[in-house]
Amino acid sequence: MSGWITKLKENIPEKQILTDTADRFSYSFDASFGEYLPEAVVQVKNKEETVHVLKTANQYMVPVTPRGQSTSLSGGPLPVKGGMVLDMSQWPETIDVFADDLIAIVSPSVLTADINKTVEPHGLMYPPDPSSAHVCTIGGNLAENSGGPRGLKYGVTKDYVIGLEVVTPEGEIMKTGGRTIKNVTGFDLTKLIIGSEGTLGVITEATVKLVPKPPAVQTLMAVFDDVELAGEAISKTLTSGILPSKMEFVDQECIKAVENYNPIGLPVEAAAILIIELDGHPEAIQMETEQVQKIMEELGASATQIPETEEEAEKIWQARKLVSPAIATIKPTKVSEDATVPRSQIGPMMGRLQAIKEKYNVDLVVFGHAGDGNLHPDVMCDKRDTEEMERVENAVAEIFEAAIDLGGTLSGEHGIGTMKSAFMEQELGPVGVDMMKRIKAAWDPSNILNPGKIFPEKGQTKLVLRDE
């Protein structure tokens with residue numbers, strides 16, 4: 001190790017290279033499962049330092065794992081092959097707004113929520129809104145192609161990135177896309193890199209697209225005594241000509257957990273609630289709200305609530321925001337998934353999830369972005385209980401299988417990482433996975449950039465949530 005550490009110090013301040021055991025341990029985990037100890041951590045603060053890291057890594061054949069704030073739920077920033085963690089979170093934050101062009105140029109360390117804060121005074125909005133926006137970085141969002149509640153109407157990260165500056169695995173600086181909305185010059189390398197989970201390059205700058213901030217928003221909550229009816233209400237709304245900006249689903253177990261965690265008056269007897277947000281012109285919103293309320297009631301909602309003030313609306317959305325911390329009190333370990341199905345299959349998927357819950361006797365709760373079919377079936381468990389974790393592994397495997405059977409996908413926004421790689425071939429087939437491997441080999445011939453992600457290890461056939 002001493003050889004490449006010495007080489008790194010030629011162009012990077014020694015204080016930015018961490019080799020103490022305590023420092024390395026603090027970079028050995030993320031928000032998913034597993035702990036992998038890197039040999040060193042390098043905190044880069046500009047593209048020149050990043051270039052030096054990757055050139056050195058190629059020279060000495062050292063694995064490099066890029067990392068932002070490590071909020072990943074799929075194992076993306078875990079240094080599974082050792083080597084060095086490339087910490088991008090210390091990079092100086094810059095957000096340059098070009099309001100007339102409806103774009104902003106941002107550094108990889110910028111917190112996602114800060115983009116919105118910066119562009120709002122210009123009457124603009126950056127739509128992607130992952131739940132961790134206040135702590136996650138745009139660099140991590142780009143790597144995972146993150147989504148969020150507004151994905152229903154506005155799309156996900158890849159829909160708002162029109163240009164990148166990237167350091168290739170071999171340490172060269174590359175530009176993709178640009179500052180124009182329309183750009184069909186050559187292959188769309190921007191879209192290829194976004195969602196590649198740090199396996200094809202290290203993003204050092206992004207040009208993101210902005211949209212005018214809607215002048216008004218309106219929230220509506222509908223209560224259902226039957227989960228299938230809630231699924232029908234989602235489909236009926238989306239085929240009515242109305243496109244909400246958000247459409248969130250929360251099941252009964254989540255409702256109960258929120259009320260136990262922080263009572264705010266949710267209907268604990270309900271099978272599910274839908275929380276809907278409409279945005280646009282005030283007069284149009286009023287008409288659409290009335291129409292959505294009518295749809296909910298016609299399809300069997302036992303109650304609907306339309307808040308009259310921002311404070312009342314915020315209280316309803318607080319219920320959704322509290323789901324994750326609330327369910328974490330059920331058991332100490334949370335396996336958070338994001339299997340996504342076509343909107344028409346939400347009802348059948350809910351039925352499959354209930355059957356899986358009963359078959360494996362696991363604490364399974366469901367919430368998520370129902371409007372785009374992006375459900376979050378979370379299994380609450382205790383990783384110290386080997387027998388329980390075996391049931392959880394089998395249950396999660398069947399959740400993935402159910403999503404694929406129904407025409408869905410392994411992941412809507414969390415990425416593949418280490419958690420779901422064993423199931424890639426089920427969705428894409430052997431030819432699809434092989435073509436991805438060929439792209440990876442062409443871009444990164446030394447296989448030094450985030451190895452061990454997306455593609456399964458030899459012999460890996462299932463989700464791994466425990467030590468064997």
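**Salt bridges, burial and a charged patch**

A: A search of the whole structure turns up 22 salt bridges. Keep in mind that this is a predicted model.

Q: What counts as a salt bridge here, and what distance separates the side chains of Arg179 and Asp101?
A: The test is a side-chain nitrogen of Lys or Arg within 4 Å of a carboxyl oxygen of Asp or Glu. Arg179 and Asp101 meet at 3.6 Å, N to O. Arg179 sits in the loop between strand 9 (173-177) and helix 7 (189-193), and Asp101 in the loop between strand 5 and strand 6, so the pair ties together parts that are 78 residues apart in sequence.

Q: Are Arg179 and Asp101 buried, partly exposed or exposed?
A: Buried means under 20% relative accessible area and exposed means over 50%, with partly exposed in between. Arg179 has 41% relative accessibility, so Arg179 is partly exposed. Asp101 has 44%, so Asp101 is partly exposed.

Q: Which salt bridge joins Arg352 to a distant part of the chain?
A: The side chain of Arg352 meets that of Asp405 at 3.1 Å, N to O. Arg352 is in helix 13 (residues 346-360) and Asp405 in helix 14 (residues 386-405), 53 residues apart. Arg352 is partly exposed at 32% relative accessibility. Asp405 is exposed at 56%.

Q: Where do Lys359 and Glu398 lie?
A: First the bond: their side chains form a salt bridge at 2.6 Å, N to O. Lys359 lies in helix 13 and Glu398 in helix 14, 39 residues apart. Lys359 is exposed, with 56% relative accessibility. Glu398 is partly exposed, with 21%.

Q: Which residues are linked in a network of salt bridges?
A: Lys47, Glu165, Lys175 and Glu205 are linked in such a network.

Q: Now burial. How many residues of helix 4 are buried?
A: Apply the cut-off residue by residue. Helix 4 (residues 112-119) has six of its eight residues buried, so this helix is mostly covered. The buried ones are Thr112, Ala113, Asp114, Ile115, Asn116 and Val119.

Q: What do the buried residues of helix 4 pack against?
A: They pack against strand 5 (95-98), strand 6 (103-106), strand 7 (124-125) and helix 5.

Q: Which residues does Ser146 touch?
A: Ser146 is placed in the loop between helix 5 and helix 6. Ser146 is buried, at 9% relative accessibility. Residues up to four places away aside, Ser146 touches Pro130, Gly140, Asn141, Val156, Thr157 and Glu413. One of these, Gly140, lies in helix 5. Gly140 is partly exposed, at 30%.

Q: Last, surface charge. Which residues form the negative surface patch?
A: Look for like charges grouped on the surface. Asp225, Asp226, Glu228, Glu232 and Glu269 form the negative patch. Glu269 is in the loop between helix 9 (252-261) and strand 14 (272-280). Glu269 is exposed, with a relative accessible area of 58%.

Key
Residues are numbered from 1 along each chain as its sequence is written. This is a predicted model: local features need pLDDT of at least 70, side-chain atom pairs count only at pLDDT 80 or more; totals for chains, interfaces and linings use all residues. Side-chain values use heavy atoms; hydrogens and water are left out. Patches are made of residues with over 30% relative accessible area and no salt bridge: like charges are joined within 9 Å, nonpolar side chains (Val, Leu, Ile, Met, Phe, Trp, Tyr) within 5 Å. Accessible areas come from the Shrake-Rupley method with a 1.4 Å probe; for residues, only the protein chains shown count as cover. Lys and Arg count as positive and Asp and Glu as negative; His and the chain ends are not counted. The place of a charge is taken as NZ of Lys, CZ of Arg, CG of Asp or CD of Glu. Helices (H or I, at least four residues) and strands (E, at least two) are DSSP runs, numbered from the N terminus. Buried means under 20% relative accessible area, exposed over 50%, partly exposed in between (1.4 Å probe, protein chains only). Contact means heavy atoms within 4.5 Å.
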